[in-house]
Amino acid sequence: MKLIEHELVDRYIYYLQRYIPYDKQEAAKEDFLDILRDRLPEIYTEEDIKKELNRMGNPYEFAGAYSDPGNFLLSGKNYEIFKAFLKILSISALLGIIVFTFNYFRRFQGTSLFDILKSLVVSIFILSLLPSWICEKIKTTKILRALMDEWDIDNLYESKKLKLEVYEIGLLMVKFSMYFMLQVYILTASINISIATYSFVMILFFINVLSVNFKFSENTIFSKTMYVEYFVDIFSIISLIFLTSYHMPRVFAIKIIILCNIVNLILNSYTISKSKNILLSRKKRKKNRRRNKKDRD
């Protein structure tokens, strides 16, 4: 078996690349493999690989040489994600305004276009920065906790890198554009839609962006990322159905958002069903860690 195909090596590489900038991930991987090859004997065993990986130390320490200094409260990959979300949300806002104009052009009469645009710009900036900042703090906490724990290659769980297809990005942009359209719809409402309803819609928008940002930052579909996204999709569907039943009209933007959440639930369930072995292995490894910790205590 090639070194790159070895399960332990694959685990180490995943954690090594997890939080460093995208453009440095391949270089970090190649440098790590070169060092590991030099340290291993010509004919190596499973125990040789495990021994050398333990000697090399925590992958987060190795990754430190490839991490960029902080930029605007963020660092490394989370800064790149922040910039990506600025673009995605800006395009989504533009699409939302275009769709709104075609369907509700008359609602612009008697409203301040400047105030609407200002609200959209503020929303784009906050929805790009705040989720990335939260993910940055989670990342820092995880790294510090991992560095403080006793290092062992067995502590690293199996995972699966996040690979986004074009249709998944498209689904995100459709959902985000409908949230922006809904925001403009409420801001230009001729009927009374309360500030509390508007605030709740924007909170829903925020947690949807946060869950996607969290998945990008963690670079995996597993662990808490999976449960967060499931919760957000289900909570959003229930909340929007409740809102349209009691607090605002059933505009088609809400129906499309609900549909996007349902499709995302189906896609995530399908992806996870294909990787049951990884989930079972993680559960088994966690149980063994707890058992070993109790034995040591």
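**Cavities, pockets and helix packing in the predicted model**

The largest cavity has a volume of about 120 Å³, where a cavity is a set of points on a 1 Å grid over the protein atoms alone at which a 1.4 Å probe fits but cannot get out, and where a volume is the space filled by probe spheres set on the points, the grid points being joined across faces, edges and corners. The model is predicted, so that local features need pLDDT of at least 70 and side-chain atom pairs count only at pLDDT 80 or more, whereas totals for chains, interfaces and linings use all residues. Residues are numbered from 1 along each chain as its sequence is written, and side-chain values use heavy atoms, with hydrogens and water left out.

The secondary structure of the chain comprises eleven helices and zero strands, these elements being DSSP runs numbered from the N terminus (helices, H or I, at least four residues; strands, E, at least two). The C-alpha trace of the chain spans about 75 × 35 × 35 Å along its principal axes.

Two cavities of 30 Å³ or more are found when the whole structure is searched. The largest cavity is lined by Leu-164, Glu-168, Leu-171, Leu-172, Lys-175, Val-212, Lys-215, Phe-216, Glu-229, Cys-260 and Asn-264, a lining residue being one with an atom within 4 Å of a point. At least two residues of this lining are supplied by each of helix H7 (166-187), helix H8 (195-218) and helix H10 (252-273), and the largest share, four residues, comes from H7. By class, the lining of the largest cavity has six nonpolar, one polar and four charged residues, with Ala, Val, Leu, Ile, Met, Phe, Trp, Tyr, Cys and Pro counted as nonpolar, Asp, Glu, Lys and Arg as charged, and the others, Gly among them, as polar.

H7 and H10 also supply two or more residues each to the lining of the second largest pocket, a pocket being an open set of points with protein on both sides within 12 Å along at least five of seven lines. About 330 Å³ of space lies in the second largest pocket. Lys-163, Tyr-167, Glu-168, Thr-271 and Lys-274 are the closest to its centre of the 15 residues that line this pocket. H10 gives the largest share of that lining, five residues, and the lining as a whole divides into five nonpolar, three polar and seven charged residues.

The axes of H7 and H10, which are lines fitted to C-alpha atoms over the stretch in contact, lie 9 Å apart, and the two helices pack at an angle of about 150°, on a scale from 0 to 180 degrees between N-to-C directions. H7 is therefore roughly antiparallel to H10, a term applied to angles over 145 degrees. The contact (heavy atoms within 4.5 Å) involves residues including Leu-171 and Lys-175 in H7 and Cys-260 and Asn-264 in H10. Its residues divide into 15 nonpolar, two polar and one charged.

Among the residues that make the contact are Phe-82, Phe-85 and Leu-89 of H5, together with Leu-120, Ile-124 and Phe-125 of H6. The contact of H5 with H6 has 14 nonpolar, four polar and two charged residues.

Key:
Parallel < 35°, antiparallel > 145°, perpendicular 65-115°, else oblique.
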